[in-house]
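Grab a pencil and have a look at the protein below. We'll work through some exercises together, one step at a time.

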Amino acid sequence: MAEPLYPLLSLTRLRMGIDGTGVVTLAAGAGCPLNCRWCINKRLLREAPAEMVTAEELLERVRVDDLYFRATGGGVTFGGGESLLHVAFLKRFRELCPAEWHLSAETSLAVPPEQVRLAAGAIDAFIVDCKDMDGAIYRRYTGGDGALMESNLRLLLSLVGPERIRVRVPRIPSFNTAEDQRRSAERLRALGLSDLELFDYVVREE
Ligand code: SF4
């Protein structure tokens, strides 16, 4: 079977306290089914096209920080676009990388439920950008289906438990209000999620 590939946009080393536990290398990937108004990923893709890498190739590049990962409980975070589009790659990377490495995935959960199931077995922690829990706001901002995101979030919760899920709840300029953000957080808590990060998107007009 052909080796799964990852469309690598950029690697950022030695991150702390932003996207995972311990020292993290962020592997930003291309591709996403959503169409968010303030998406940074699309701009990055225009400026620097993605490079297709195998899990072995990526492993060789990030291994330089092996000691930091082990000493701090850190590892690799897959982000950028929609990381769960590349779940076959994530599984392969998990098989090859040291068991001590902590793998995280940034995701909007706008993927088929099967991708969520597969990712649950390969990834230690999920950082979910829910956008907004209101279906109309979600649709207007992303062009996607908020009901799919919510049902995938429930599925993920049932598979890995709340300890392995952080949900980012943004205030999105021109799309939602602080009150909408508060309502989203309330709905997420009602689902059983407690690790919530409320913050404001900082946008740059293009
Ligand atoms: S989910 Fe993220 S990568 Fe996808 S369109 Fe929205 S901002 Fe861009």
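A bit of housekeeping comes before the exercises. This is a predicted model, where local features need pLDDT of at least 70, side-chain atom pairs count only at pLDDT 80 or more, and totals for chains, interfaces and linings use all residues. Residues are numbered from 1 along each chain as its sequence is written.

**Exercise 1. Find out how many helices and strands the protein has, and whether its radius of gyration agrees with that of a compact globule.**

Step 1: Count the elements. The protein has eight helices and eight strands; these are DSSP runs numbered from the N terminus, with helices (H or I) of at least four residues and strands (E) of at least two.

Step 2: For 206 residues, a compact globule would come out near 17 Å.

Step 3: Compare. The protein has 16 Å, so the two agree. Its C-alpha trace spans about 45 × 35 × 35 Å along the principal axes.

**Exercise 2. Work out the strand order of the sheet and name its edge strands.**

Step 1: Read the order. The eight strands form an open sheet, β3-β1-β2-β4-β5-β6-β7-β8, with mixed pairing. Strands pair if DSSP finds at least two bridges between them.

Step 2: Look at the ends. β3 (51-54) and β8 (196-200) each pair on one side only, making them the edge strands. From one strand to the next, the twist averages 30°.

Step 3: Check some pairs. β1 (residues 5-16) runs antiparallel to β3, with four bridges joining them, and Leu5 has Thr54 as its bridge partner in β3. β1 and β2 are antiparallel too, with six bridges; here Thr12 partners Leu26. By contrast, β2 (residues 23-29) and β4 (residues 75-80) pair in the parallel sense over six bridges, and Leu26 has Thr77 as its partner in β4.

Step 4: Peek at the turn. The hairpin of β1 and β2 has six residues between the strands, and Gly17 takes a positive phi near 75° there.

**Exercise 3. Decide how α4 and α5 are oriented, then do likewise for α6 and α7.**

Step 1: Know what to look for. Two packed helices are described by the angle between their axes and the distance between the axes. Axes are lines fitted to C-alpha atoms, for helices over the stretch in contact, and angles run from 0 to 180 degrees between N-to-C directions.

Step 2: Take α4 (residues 87-96) and α5 (residues 113-120). They pack at about 5°, axes 9 Å apart, so they're roughly parallel (under 35 degrees; over 145 is roughly antiparallel, 65 to 115 roughly perpendicular, the rest oblique). Val87, Leu90 and Lys91 of α4 make the contact with Gln115, Leu118 and Ala119 of α5 (C-beta atoms, placed from the backbone, within 7 Å).

Step 3: Now α6 (residues 135-142) and α7 (residues 146-160). Their angle is about 110° and their axes are 8 Å apart, so they're roughly perpendicular. Gly135, Tyr138 and Arg139 in α6 meet Gly146, Ala147 and Met149 in α7.

**Exercise 4. List the residues around the ligand.**

Solution: They're Cys32, Leu34, Asn35, Cys36, Cys39, Asn41, Gly81, Glu82, Ser108 and Thr142 (C-beta atom, placed from the backbone, within 6 Å of the molecule).

Definitions and conventions: Two residues are in contact if their C-beta atoms, placed from the backbone, lie within 7 Å. The radius of gyration is taken over C-alpha atoms; the globule rule is 2.2 Å times the number of residues to the power 0.38.
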